[in-house]
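Please keep the sequence and the structure in view while reading.

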Amino acid sequence: MVKTMNHPNSALTAIPNKKGIITKSVKKAAFYLNKGDVVAMPTETVYGLAASIYNENALKKIFEIKERPYFNPLIVHIDSLQSLSKIAVNVPEVAYRLADKFWPGPLTMIFEKHKAISNYITGGKNTIAVRMPNHPLALELIKTVDVPLAAPSANPFGSISPTSAKHVEKYFKSTLEVILDGGSCSKGIESTIIGFKNNEVLVYRLGSLSLEMIESVVGRIKVRKYNQKNPIAPGMLDKHYAPKTPMILCDNPIKTASNLIGKNIGIIAFDKKSLCTDYQIEVLSPNGDLGEAAKNLYAAMHKLDDKGFDLLIAQKFPNVGLGRAINDRLIRACKKDTNFTPNNIFI
Ligand code: TXA
Ligand code: MG
């Protein structure tokens, strides 16, 4: 049974402009959210498909649009710490220290859920994932509708995440009414997800906040070993964030490509050391900056995936800082097409 609770703000009077679905108007996005629609919103990590946490019909729509399994829970986005007590209970002290340092920002924390929280959000678990996004339009949108917004990444389940309004439009042109355009995402890889157990911080998903940054606040932390049969966070599924084109990962893509005669190949490389005119190469950061490479990763994957190559070859990144999150996404993007195994790539 689907229960719907519209927020009192739903009587907003904005007149929707039907021309095109990409808009910069927070008011328009708020109008559609308040009438129970799902809208795409920008965050600093990737674009999300947002719905009011109090509207079960809209939450259900998120899963239908994404073709996402219901067991895979959603992240709730808040605009102020005051909202936390309405959605989570028993928040540990260390979480407040982390929030103080990293919110708004690309850190998602998992807490015990408040009893008012829908099972659509938690996938039936008794926990809830929460973050405060660091994007002015996302914060303004949450403030305008005055409810926290549940939002998974705005891509069909398993495919490459979107880092621009155009990427979202490519996927959901005929499904969505509104894509709130906040430009290209400044971080470019999803948030880092952590949880707490017996005063320990556990990492569930690598992401845009490096482990080193988190450790600077809480000391040494553990990365959870992921279990394919019972993934703790389904973003940890083997195959995820994947282009349609087969992709492989190696240390030296140009050398690998030169051995694959007759194949039409696109390359994703780290820095300008890999520049070469024999192939179409997307260099993610000419000067070798991991933050810049993370920001450009998904856009490069979208671009090459749309060009009809036989094969994409990506370069392995240095396994430090954001390089770990980039490697994590590349490994999952390649998974079906290579025998490469993660083998403690995280640590
Ligand atoms: O950067 C991000 O986190 C983006 C933007 C839009 O905020 N969102 C995002 O959402 O990446 P999504 O749905 O693509 O990934 C959320 C991940 C999933 O792997 C899900 O399983 C995990 O968070 N998750 C959500 N709630 C959880 C919970 N209670 N326990 C464990 N994992 C949870
Ligand atoms: Mg996702």
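The model is a prediction in which local features need pLDDT of at least 70 and side-chain atom pairs count only at pLDDT 80 or more, whereas totals for chains, interfaces and linings use all residues. Residues are numbered from 1 along each chain as its sequence is written, chains are lettered from A and ligands numbered from 1 in the order in which they are written, and side-chain values use heavy atoms, with hydrogens and water left out.

## The chain as a whole

The secondary structure of the protein chain comes to 11 helices and 16 strands, where helices (H or I, at least four residues) and strands (E, at least two) are DSSP runs numbered from the N terminus. Of the 347 residues in the chain, 57% are buried; buried means under 20% relative accessible area, exposed means over 50%, and partly exposed lies in between, with a 1.4 Å probe and protein chains only. Among contacts between residues at least 6 apart in sequence, 66% join residues at least 24 apart, and contact here means heavy atoms within 4.5 Å.

Two packed helices are described by the angle between their axes and the distance between the axes. The axes are lines fitted to C-alpha atoms, for helices over the stretch in contact, and the angles run from 0 to 180 degrees between N-to-C directions.

| Helix pair | Angle | Axis distance |
|---|---|---|
| α1 (residues 26-34) and α6 (residues 136-145) | about 50° | 9 Å |
| α10 (residues 290-305) and α11 (residues 322-334) | about 20° | 9 Å |
| α4 (93-102) and α8 (residues 211-218) | about 125° | 10 Å |

For the pair α1 and α6, the crossing is right-handed; a crossing is left-handed if the near helix is turned anticlockwise from the far one by less than a right angle, and right-handed if clockwise. On the α1 side the contact includes Val 26, Ala 29 and Leu 33, which meet residues of α6 including Leu 137, Leu 141 and Val 145. The residues of this contact divide into seven nonpolar, two polar and one charged, where Ala, Val, Leu, Ile, Met, Phe, Trp, Tyr, Cys and Pro count as nonpolar, Asp, Glu, Lys and Arg as charged, and the others, Gly among them, as polar.

Helices α10 and α11 pack at an angle of about 20°, and that makes α10 roughly parallel to α11. Their crossing is left-handed, and the contact of α10 with α11 has 10 nonpolar, two polar and one charged residues. Helix α11 has 13 residues and reaches 19 Å from its first C-alpha to its last, close to the 18 Å expected at 1.5 Å a residue, the expected span being 1.5 Å times one less than the number of residues. In α11, 13 of the 13 residues are buried.

Helices α4 and α8 are oblique to each other, and their crossing is right-handed. Among the residues that make this contact are Val 94, Arg 97 and Leu 98 of α4 and Met 213, Ile 214 and Ser 216 of α8.

## Residues in the loops

Most residues other than glycine have a negative phi, and most peptide bonds are trans. Against this background, Asp 146, in the loop between α6 and β8 (149-150), has a positive phi near 60°, and Asp 146 counts as exposed because its relative accessibility is 52%. Tyr 241, in the loop between β12 (222-223) and β13 (247-250), has a positive phi near 55°, but Tyr 241 is buried, with a relative accessible area of 3%.

A cis peptide bond, with omega about -5°, joins Trp 103 and Pro 104, and Pro 104 lies in the loop between α4 and β6 (107-113). Trp 103 is also one of the residues touched by Leu 81, along with Tyr 96, Ala 99 and Met 132, not counting residues up to four places away in sequence. Leu 81 sits in the loop between β4 (75-77) and α3 (84-87) and, at 36% relative accessibility, counts as partly exposed.

Terms used: Angles under 35 degrees count as roughly parallel, over 145 as roughly antiparallel, 65 to 115 as roughly perpendicular and the rest as oblique.
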